[in-house]
Amino acid sequence: TNKLAIAIDGPAAAGKSTVAKWVAKDLEYVYIDTGAMYRSLTYACLQNQIELTNEQEVLSLLKSINITLTEDQNVYIDQQNVTEAIRTSQVTQSVSAVASIPEVRQEMVKQQKILAAKRGVVMDGRDIGTHVIPDAEVKIFLNASVVERAKRRHQENMDKGFSSDLEQIKKDIERRDQIDSEREVSPLRKADDAIEIDTTSKTIQDVANEILSIVQKYK
Ligand code: C5P
C-alpha cells in the first residue's frame with residue numbers, strides 16, 4: 001500500500017504526540033516529534049548560557065550541534081541523550097522564544113522536510129501542514145479547550161510523581177500558544193485543508209481511530 005505523510009498540528013498539550021505515536025504504531029510508520037528538535041536547541045542554549053534573544057549565537061550553536069531523533073523516541077544532541085532533559089519546565093518556558101527566530105525555523109524546517117520526504121511518517125508540531133509538508137496527504141489540526149489541556153498535563157505530571165500546579169500550567173500553555181501563534185515566521189495555524197478535531201471530550205483512542213479512518217480513505 002501507498003505510504004503517506006500525516007501532519008498533526010495544534011496548540012500545546014492538545015495530545016498531539018500521544019495520538020501521533022498511536023497512529024504511527026498502527027500504520028507501522030515513523031513518528032517524528034518536531035517539538036523535540038526546538039526543545040533540544042533550547043536545552044543546548046541554556047547549557048551553554050546563550051541569551052535566547054541573541055539570534056546569531058543561537059543560530060551558530062544550532063549549526064555546531066547534531067540533533068538526532070531515533071525511531072524509539074530517544075533524542076540526542078551529538079552523543080548526549082537528552083530525551084528527559086528537554087522536558088523540564090525551564091526548557092518548556094523558553095522554547096517558544098527560540099522557535100520564533102526565523103533562521104532557526106528555516107534550518108529546522110529544512111531538516112524536517114528531509115525526514116518527511118520518504119513518506120510513511122506521522123509528524124507533529126505547529127507548522128507541519130502549513131510549511132514542513134504542505135503536500136501531506138492527511139492533515140489534522142488537534143484542538144481542545146485550554147482548561148482541558150491544562151488538566152491533562154497536570155494529571156500527567158501527577159501520574160509521573162512530579163509536583164504540579166494547575167493554574168501555573170494553564171498560564172504557561174496560554175503564553176506558549178500566544179508566542180507560537182503571533183510569531184512572524186510559520187506561526188501555529190490550521191492549514192486550510194486540515195481536518196480539525198476537537199479532543200476536549202474524547203479519549204486518545206477515539207481520536208487515533210478517527211485519524212486512522214481518515215487515513216483509510218486515502219489508501
Ligand atoms: O510540541 P512541543 O510542545 O514539544 O513543542 C515545543 C515548542 O516548540 C512549541 O511551543 C513551539 O514553540 C515549538 N515548535 C514549533 N514548531 C514545531 C514544533 C514545535 O515552533 N513544528
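The legends below describe close-up views of a predicted model. Residues are numbered from 1 along each chain as its sequence is written, and side-chain values use heavy atoms, with hydrogens and water left out. Because the model is predicted, local features need pLDDT of at least 70 and side-chain atom pairs count only at pLDDT 80 or more, while totals for chains, interfaces and linings use all residues.

**View 1. Packing of helix H2 (residues 34–47) against helix H3 (residues 55–64).** The two helices pack at an angle of about 110°, with their axes 10 Å apart. Axes are lines fitted to C-alpha atoms, for helices over the stretch in contact, and angles run from 0 to 180 degrees between N-to-C directions. Helices (H or I, at least four residues) and strands (E, at least two) are DSSP runs, numbered from the N terminus. H2 and H3 are therefore roughly perpendicular (65 to 115 degrees; under 35 counts as roughly parallel, over 145 as roughly antiparallel and the rest as oblique). Their crossing is right-handed; a crossing is right-handed if the near helix is turned clockwise from the far one by less than a right angle, and left-handed if anticlockwise. H2 supplies Leu41, Ala44 and Cys45 to the contact, and H3 supplies Val58, Leu61 and Leu62 (contact means heavy atoms within 4.5 Å). By class, this contact has six nonpolar, no polar and no charged residues. Ala, Val, Leu, Ile, Met, Phe, Trp, Tyr, Cys and Pro count as nonpolar, Asp, Glu, Lys and Arg as charged, and the others, Gly among them, as polar.

**View 2. Packing of H3 against helix H5 (residues 102–117).** The axes come within 9 Å and cross at roughly 20°, which makes H3 roughly parallel to H5. The crossing of H3 and H5 is left-handed. Glu55, Val58, Leu59 and Leu62 of H3 meet Pro102, Glu103, Val104, Glu107 and Met108 of H5. Six nonpolar and three charged residues make up this contact, with no polar ones. Val58 and Leu62 of H3 also belong to the contact with H2.

**View 3. Packing of helix H4 (89–99) against helix H8 (166–182).** The axes of H4 and H8 come within 9 Å and cross at roughly 15°. H4 and H8 are therefore roughly parallel to each other, and their crossing is left-handed. On the H4 side the contact is made by Thr92, Gln93, Val95 and Ser96, and on the H8 side by Asp172, Arg175, Arg176, Ile179 and Asp180. By class, the contact has two nonpolar, three polar and four charged residues.

**View 4. The largest cavity.** The structure holds one cavity of 30 Å³ or more, and the volume of the largest cavity is about 40 Å³. On a 1 Å grid over the protein atoms alone, a cavity is a set of points where a 1.4 Å probe fits but cannot get out, and a pocket is an open set with protein on both sides within 12 Å along at least five of seven lines; lining residues have an atom within 4 Å of a point. Grid points are joined across faces, edges and corners, and a volume is the space filled by probe spheres set on the points. The cavity lining consists of Thr92, Gln93, Ser96, Asp172, Arg175, Arg176 and Ile179. H4 and H8 are the elements that give two or more residues to this lining, and H8 gives the most, with four. One lining residue is nonpolar, three are polar and three are charged.

**View 5. The second largest pocket.** This pocket holds about 210 Å³ of space. Its lining is formed by Val30, Tyr31, Ile32, Thr68, Leu69, Thr70, Glu71, Leu115, Lys118, Arg119, Gly120 and Val121. Strand E2 (30–33) and strand E3 (67–69) are the elements that give two or more residues, and E2 gives the most, with three. By class, the lining has six nonpolar, three polar and three charged residues.
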